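Colleague: Hi! Could you walk me through this one? I'm new to it.

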Amino acid sequence: MPPDVRKASGFPGEASNFCLRLRLEILEAQPPKLVKNSSRKGVAFPHIGWRSRYADVYDSRFSIYDRTTMLIVMKADATDAQIAHVCDVITELGFKPHAMPGATRTAIGVTGNQGAVDPTRFENLPGVADAIRVSKPYKLISLDLRPEKTIVRVGDATIGGDELAIIAGPCAIESHAQAFAVAEAVRRSGARFFRGGAFKPRTSPYAFQGLGEEGLKILAEVREIYGLKIVTEALDEASVDLVERYGDMIQIGARNMQNFSLLRRVGRSKLPVLLKRGLSATLDEWLLAAEYIMSEGNYNVVLCERGVRTFAQHTRNTLDLASIPAVRRVSHLPVVVDPSHGTGKNYMVIPLACAGVAVGADGLIVEVHDQPDKALSDGAQALTPEQYDQLIQEVRPIHEVVAPQPVV
Ligand code: PEP
Ligand code: MN
């Protein structure tokens, strides 16, 4: 671990400080191993391990799950004879093997079994990387389908790749001057994405609802002048048409996560989609919402953890950072963290942004306002441009520490 990384990351908050320290201690105690010639490229953390990747993320409240489906993942360098041997063992057990060669490895599905198949029967066979039970409702979001992580491309910017994706901007576009003042700071920071709502899903019908198409036109100017990619929310099917005309990425808000006709509509869009987690959505509900979009043919979906409603009164929502590794365990989709809605409090945004990056988020979506006290929505959680600069300085070194190293 380069010592200067630690020095560079001076944390303001206890939470983030603790989080990075813990991570560093774990890394020092059990250094990551580079995985060569494996179907799982990247860094293996010994304290986590690859085994049982799926078994512990199911939501037992759902009866739609068929836990009896088994998938055996072969190592990238498994030989034809090793694959044939695993198929023979499956046949001997009275089941049917389905060998499916992929880009980097072969997976073997098992059918014909009435109950669960014991994975330990396969785990130690030569050439086997993993034996896992597959949850049936997930098809397209699943690592079974795509073991490599998805990199969502938005023009020449990416989410899910090596770069930490930063999406920053005001909650709502309020005026030309406001949007440009914030865009200036966002551009200066090296971020590639600008956020800002033109259609706002407000709890009260009497609150500011956004500038509508006028707001989208301001966003289009921001793109033109600052070269930033525009991420903006569509509230309904009609607003998707408009966002497609002016924006680069469609945001589906927490309140619309289970608006299935809207999900299907953006599933037919050519623009990538940022799918926020619903206010009380389980992991499965969130992933199945992504499945709706992908089932229509749009595979460019980025998940966004933005906190869920709990009994807590010290925050607006409870930012569920455990969802990041939980998503990673089952899905190839990138995940970003929203510490603004996730906390609702200005002073918590930087520490929770740091924590989000420390647990492996692919990026952040953060609200910034040039005059938070005058904001027409979500002023209490908005960072000033100066605070935003500080956030960027703090999260970048953390990302360098936790980002997977390239396989050599
Ligand atoms: C927003 O991004 O401003 C917003 C309304 O977010 P959410 O849907 O997560 O509440
Ligand atoms: Mn907001």
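Modeller: Along the chain, the donors of the manganese ion (ligand 2) follow the spacing C-x169-H-x25-E-x10-D. Donors are N, O and S atoms within 2.8 Å of the metal (3.2 Å for Na, K and Ca), and water is not among the atoms, so sites may look incomplete. This is a predicted model: local features need pLDDT of at least 70, side-chain atom pairs count only at pLDDT 80 or more, and totals for chains, interfaces and linings use all residues. Side-chain values use heavy atoms, with hydrogens and water left out.

Colleague: Which residues coordinate the manganese ion?

Modeller: Cys 171 (SG), His 341 (NE2), Glu 367 (OE) and Asp 378 (OD) do, at 2.1 to 2.4 Å. His 341 lies in helix H11 (residues 339-343) and Asp 378 in the loop between strand S16 (363-367) and H13, so the pair ties together parts that are 37 residues apart in sequence. Helices (H or I, at least four residues) and strands (E, at least two) are DSSP runs, numbered from the N terminus.

Colleague: Is His 341 buried or exposed?

Modeller: His 341 is buried, with a relative accessible area of 8%. Buried means under 20%, exposed over 50%, partly exposed in between (1.4 Å probe, protein chains only).

Colleague: New topic: where does Ala 191 lie?

Modeller: Ala 191 is in the loop between helix H5 (176-188) and strand S10 (193-195). At 1% relative accessibility, Ala 191 counts as buried.

Colleague: And what is Ala 191 in contact with?

Modeller: Leaving aside neighbours within four places in sequence, Ala 191 is in contact (heavy atoms within 4.5 Å) with Ile 166, Val 186, Leu 228, Tyr 388 and Arg 396. Tyr 388 is one of the buried residues of H13.

Definitions and conventions
Residues numbered from 1 in each chain as written. Chains lettered and ligands numbered in written order.
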